[in-house]
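Visitor: Could you take me through this structure? I would like to ask questions as we go.

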Amino acid sequence: MTRDRRFRAIIGSPIAPASRVLLGVIGVALVLAVYEYYVHAHVQGGGNPRFSPGCGQLWTAFGELTDVDPRTGAVPFWSDTRVSLGILAKGLGLGIALSTALGLAMGVLSTIHAMCSPVVTAIAKIPPTAMIALFMVVFGVTGDTFKVALIVFGISPTLAIGIGLVARAVPKNTIVKAYSLGASTLDVVVKAIIPQIIPQVIEMIRLAVGPAWIYLIAAEYINSSEGIGHGIVLSQRMVRIDHILVYVIWLAVLGTVIDFGFHLVSRLVAPWSSTRKDD
Amino acid sequence: MTKVAELPILECRRIGQRYRVRGGHQVIFDGLDVTIAGHQFISLVGASGCGKSTLLRLVLGSERPWKGTLRSNGEPITHPDRTRGIVFQKYSLFPHRTVLENVMFGLELSTTYLVQKWLTWPWYRSRHHRRFRDEAMAQLRQVKLDDHADKYPHQLSGGMQQRAAIAQALIMKPRILLMDEPFGALDADTRESLQRAIVRAFHDQQTTVLFVTHDLEEALYVGNRLLVLAKDPARPAAGSRIVIDQEIAQSAPLQAKETQELLAHVRRVGFAAPTSGPELDAVDQAWL
């Protein structure tokens, strides 16, 4: 008797798009089911439903949070989101600009690399949250500047080192080749090095968004009157676990959307790289 | 007949190169003389480690010599420029450009000044782009790659990548085309068809070629001048010398008696195993 081998799991075997979507949905459903079961068990065991809101309760909480505040006429949930995303965008934008410039300079010019690499490496080793106290003094306790500064400080050194490494890893042959086709040094950087490393740079930026969120929420915990971090602190003070969970889920959704956005940008900017498997 | 002597395409005078190794320097060669003038297809061959790729890098200008001078049309060679094309074994193509864009790369660089190009971008594009495109397509047709013009390099086989790299270099009409073991990573059939293609391009486009290979049969097939670089078996630490420099019949059948005799001769002179001596041991240890 031969065993039916159709269902053998083979590592690296492809999967149909439909199955992939279905399995993704099943994954989400599974997490929700496990959570619902936990809530059920907790409440059955005499636990306070306040501390274990079910999915229905979370939906209600979402409704509460997105209600219009009668005093201001605004929805705090959305305005918090807008404020947080604004600071995140500023921090990311500034950090990316700074680290791309520095990283490229370090990757292309050996002198800059020799001069900056030790300093930047050392700065990258400072836990950014240790700088909160200093930044609050330097940039002011109120306002967003210290939060932006924290994000920039947190992501730039690592990003710059990474971009530098990637730029240095461009095969020397392609650089020599560009020169042999009549390129100037500027041409080599702009037309041979930068376009080649763009997908990897976008990937590193994508990974830097995670830490950027950490520093933003940490800064908002410490001091703010608006923002998602502030919303979570308020909910904590009122012991609204359901509100905290809604914020947390919202953070997950925002993070996923941003992540997907970077994938799209990468595909748009470097269509050649998405079909590439290896060197 | 008195005629003003044309400056040689390449003139290497008493050039030497050495690399730093642990405990001193490894001399690759010292005092080589090579002159290339006119429409020649030079096969530079030698056992691995004899310095043929080093010589090629010096000619290209991506490396500076330890001693001696290199000139191309009388101008000293200081860095790679568009008068000397290069095809490497790998990574000759830009991964972010399609085959056509790769071939157009040099043309796009050569015509305009940066400011003018940026100021008049749409106009510039419509005017020049079409001409570059036609020129590049013609070049691609020559290497039989016009059907794959819009593919990215990673979508091509190794042989097609090398064809594209050859087209990319040839379109600039370099004084000399340098090739560093260009077919070394290809299978036998692909290699043969590319050897025929490069010989055809040599005749069609009047390009001088310096072709580096460690495959002696390949060297004899493609070249019409043979340069053999080898170490002196008695004094390996002194570096390599040119042991054979002679004109040969291009595309001669391998089975022919003359070819076989030449093959045997080159094997004897250029690929002899070095006799071990104290000097060699010192070098070997230095390399470790």
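Visitor: Which domains is chain A divided into?

Guide: Chain A has domain 1 (19-52) and domain 2 (80-274), with bounds that come from an automatic or database domain assignment. The C-alpha centres of domain 1 of chain A and domain 2 of chain A are 34 Å apart. Please note that this is a predicted model, in which local features need pLDDT of at least 70 and side-chain atom pairs count only at pLDDT 80 or more, while totals for chains, interfaces and linings use all residues. Residues are numbered from 1 along each chain as its sequence is written, and chains are lettered from A and ligands numbered from 1 in the order in which they are written.

Visitor: How do helix 5 and helix 6 of chain A cross?

Guide: The axes of helix 5 (residues 132-139) of chain A and helix 6 (residues 145-168) of chain A come within 9 Å and cross at roughly 135°. Helices (H or I, at least four residues) and strands (E, at least two) are DSSP runs, numbered from the N terminus. Axes are lines fitted to C-alpha atoms, for helices over the stretch in contact, and angles run from 0 to 180 degrees between N-to-C directions. Helix 5 of chain A and helix 6 of chain A are therefore oblique to each other; angles under 35 degrees count as roughly parallel, over 145 as roughly antiparallel, 65 to 115 as roughly perpendicular and the rest as oblique.

Visitor: And which residues make that contact?

Guide: On helix 5 of chain A they are A:Ile132, A:Phe135, A:Met136 and A:Phe139, and on helix 6 of chain A they are A:Thr145, A:Phe146, A:Ala149 and A:Leu150. Two residues are in contact if their C-beta atoms, placed from the backbone, lie within 7 Å. By class, the residues of this contact between helix 5 of chain A and helix 6 of chain A are seven nonpolar, one polar and no charged. Here Ala, Val, Leu, Ile, Met, Phe, Trp, Tyr, Cys and Pro count as nonpolar, Asp, Glu, Lys and Arg as charged, and the others, Gly among them, as polar.

Visitor: What about helix 4 of chain A against helix 6 of chain A?

Guide: The axes of helix 4 (residues 110-124) of chain A and helix 6 of chain A come within 9 Å and cross at roughly 140°. That makes helix 4 of chain A oblique to helix 6 of chain A. The contact involves A:His113, A:Val120, A:Thr121, A:Ile123 and A:Ala124 of helix 4 of chain A, together with A:Pro157, A:Thr158, A:Ala160, A:Ile161 and A:Gly164 of helix 6 of chain A. The residues of this contact of helix 4 of chain A with helix 6 of chain A comprise six nonpolar, four polar and no charged.

Visitor: Changing topic: how many residues of chain A are in contact with chain B?

Guide: In chain A, 17 residues are in contact with 23 residues of chain B. Helix 7 (172-180) and helix 8 (185-222) of chain A are the elements that give two or more residues to the side of chain A that touches chain B. Helix 7 of chain A provides the largest share, six residues. That side of chain A divides into nine nonpolar, five polar and three charged residues.

Visitor: Which residues of helix 7 of chain A are buried?

Guide: They are A:Ile175, A:Val176, A:Lys177, A:Ala178, A:Tyr179 and A:Ser180. A residue is buried if 20 or more other C-beta atoms lie within 10 Å of its own, exposed if 12 or fewer, and partly exposed in between, with C-beta atoms placed from the backbone. The buried residues of helix 7 of chain A pack against helix 8 of chain A, as well as helix 1 (52-60) and strand 6 (84-87) of chain B. Just after helix 7 of chain A, A:Gly182 has a positive phi of about 100°.

Visitor: How many helices and strands are there in chain B?

Guide: Chain B contains nine helices and ten strands. Of the 288 residues in chain B, 40% are buried.

Visitor: Where is B:Arg14, and is B:Arg14 buried or exposed?

Guide: B:Arg14 lies in strand 1 (residues 10-21) of chain B. B:Arg14 counts as exposed because it has 12 C-beta neighbours inside 10 Å. Phi of B:Arg14 is near 45°, a positive value in a residue other than glycine.
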